[in-house]
Amino acid sequence: MASELQAFQQTIREGIPDVLPPARPLDNSVSHAPKRKDILTPEEKKLALRNALRYFHPKHHAALAPEFAQELKEHGRIYMYRFRPEHPMHARPIDHYPARSKQAAAIMLMVQNNLDPAVAQHPSELITYGGNGAVFQNWAQYRLCMKYLSEMTDEQTLVMYSGHPLGLFPSHPDAPRVVVTNGMMIPNYSKPDDWERFNALGVTQYGQMTAGSYMYIGPQGIVHGTTITVLNAARMLKEPGAKGKLFVTSGLGGMSGAQPKAGNIAGVVTICAEVNTTAAYKRHSQGWVDEVIADVDACIDAALAWQKKGEAHSIAYLGNVVDLWERLAARNIKVDLGSDQTSLHNPWAGGYYPVGLSYEESNALMVKDPSAFKQRVQETLRRHVAAVNTLAGQGMYFFDYGNAFLLESKRAGADIAGKNGEEFRYPSYVEDIMGPLCFDHGFGPFRWVCTSGDAKDLVTSDRIAGDVLEAMLKEAPTEIGQQIADNLHWIRSAEQNKLVVGSQARILYADSEGRIRIAQAFNEAIKRGEISAPIVLGRDHHDVSGTDSPYRETSNIRDGSRFTADMAVQNFVGDAFRGATWISLHNGGGVGWGEVINGGFGMVLDGSADSDRRLQSMLHWDVNNGIARRAWARNPNAVWSIEQEMKRTPLLKVTLPNEADDGLIDQLIG
């Protein structure tokens, strides 16, 4: 064991090895990214090779150049598979990492968790989730980044340009240890094909939300928000309540894999379609979906049987979701709740698959004939929407789950337009649920990771967080009582729901006050030794302040500013000087390249007074920046929330909106 640890630490310190490791075959035990389209000109392919070879001494170029050229030809990218480490990839206890800075060691842990095969969607291609959400572009970047982290002190900052470690720069202890940007393009170069081209050149990457910011915690990362969404969607039905209701959706990849688990927790019967056999059975083996059925009628019959029992149950339908929707419509099955969480932010490169073709046939077509593949996808979207419309006409509540389903369906010419000038026929879940009930009040996906790797520390942290919420519930105003009660139920049952995949991590929706009080309690527990090692705080970028996304996170901001990105950029910058350990800013994430700007952070709590100072300053800003913006957009719940916060925080002074009389406006402009 000691020799294994020493070998691991030596590999980390070595970085890019001076002696070439032997070439390694692809690991066929894990899912691999689909081949990307052949988009580069011959001259650009030469440039891609030059860009890749600059990581290595010229003495290795003769051996590596043909290998990298072959990767570019076979995969559409240069991943540098030869340099994939021999050591198992997973989050280790923080003390196992060779580091001069405890903060840097925590970041190393988080990086490795994002690449853990149990967590990552395509681990060999360094893709964590969403089909293209990458931690790094290639394995040389991983090795160099980890080496820098092992060497850095608390007087340095590591700068990361879209997976590339630019270098260690002198800074100071209050500065972030790492500053990450991903895909930050000149605005006119943010079209989907721009990502394909510049990613193939090796100069940018799609960091998704928490992939390229080292804060992904497996499908648990979205399961709490999905549970909240399903619970509140069921409360909106004519016959409110989740028990016995049928929920139909699709996607069992990274984030979407949370849906069947959330359905079970909420109490519904879930059918979730998935075309990728590996992904479906991976979620089944992890206990995130109860069974896998390949026959569409058998799948529907099983769901109806569980409905009759009145018991929660989840089924993975191994097939195309359109076949499922059309069969449900043909059989006139009553579906209560419907959604979709395929990766439609990435529709032409494996995010959504056309009906009538197998998974393998689709992957081949998208490379061989991209225009034909696009045509098949858009035909499928039109059929998809037609079947959904039929069932919605019979009373189903359908909502877009922020995956660009509505947007891409509209672009495909589907019958998705709304009435009376509304953009879409169906709401985004943020418009109906997450925006007004959570984000406008400051509730969002707060998370933490126990760096000891000890499950006992996670249990202790669950208890501490639950105790804080219990105390808050007793004094909560009616406007946010239901949210706190739902979150308390979540955390008290988190351990029994077996949510951990990868690191010992937890997610818990909380508002500004809740996050600060929970973090303070963690810091105190670390100081007392009740929790044995530092805790990393973070969140999904899918939050109150972190993301400007007009078709998802900010879709319920209706003052015309939803297409601006000031909030996310201000969030990133403000977190930096208020004490975050690392910060990130991304183009793309969730709904697609060029469609969103989002920022994230990580913060290490070590039980010190310094940690207490940092958490109070940063967490307060990280939430209230977004509430203030939402209040200025005239969202009533946000106005109420920021007014409450100004009463609690005398130094906070926020500009509030004045309401105009609609009658006066209508008189002036007909």
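**Exercise 1.** In this predicted model, find how far apart the closest N and O atoms are in the salt bridge between Glu 530 and Arg 463.

*Solution.* Step 1: the closest N and O atoms of Glu 530 and Arg 463 are 2.4 Å apart. Glu 530 sits in the loop between helix 18 (512-528) and strand 14 (535-539), while Arg 463 belongs to helix 16 (residues 455-475), so the pair links distant parts of the chain, 67 residues apart. Glu 530 has a relative accessible area of 32% and is partly exposed; Arg 463, at 38%, is partly exposed.

**Exercise 2.** Work out whether Arg 77 and Glu 196 are buried or exposed, and what their salt bridge ties together.

*Solution.* Step 1: the two side chains form a salt bridge of 2.9 Å, N to O. Step 2: Arg 77 is in the loop between helix 3 and helix 4 and Glu 196 is in helix 6 (residues 192-201), so their contact ties together parts 119 residues apart in sequence. Step 3: both Arg 77 and Glu 196 are buried.

**Exercise 3.** Classify the ring pair Phe 8 and Tyr 97.

*Solution.* Step 1: there are 21 aromatic pairs in total. Step 2: the ring centres of Phe 8 and Tyr 97 lie 5.7 Å apart, and a pair needs centres within 6.5 Å. Step 3: their planes meet at 70 degrees, so this pair is edge-to-face, because angles over 60 degrees count that way. Step 4: look at the surroundings. Phe 8 is buried at 3% relative accessibility, Tyr 97 is buried at 4%, and Arg 92 lies over the face of Phe 8, 4.0 Å from the ring centre.

Methods:
Residues numbered from 1 in each chain as written. Predicted model: local features only at pLDDT ≥ 70, side-chain atom pairs only at ≥ 80, totals over all residues. Heavy atoms only, no water. Phe/Tyr/Trp six-rings, centres within 6.5 Å; stacked < 30°, edge-to-face > 60°. Buried < 20%, exposed > 50% of the residue type's maximum accessible area, 1.4 Å probe, protein only. Lys NZ or Arg CZ within 6 Å of the ring centre and 35° of its normal. Salt bridge = Lys/Arg side-chain N within 4 Å of Asp/Glu carboxyl O. Helix = DSSP H or I, 4+ residues; strand = E, 2+ residues; numbered from the N terminus.
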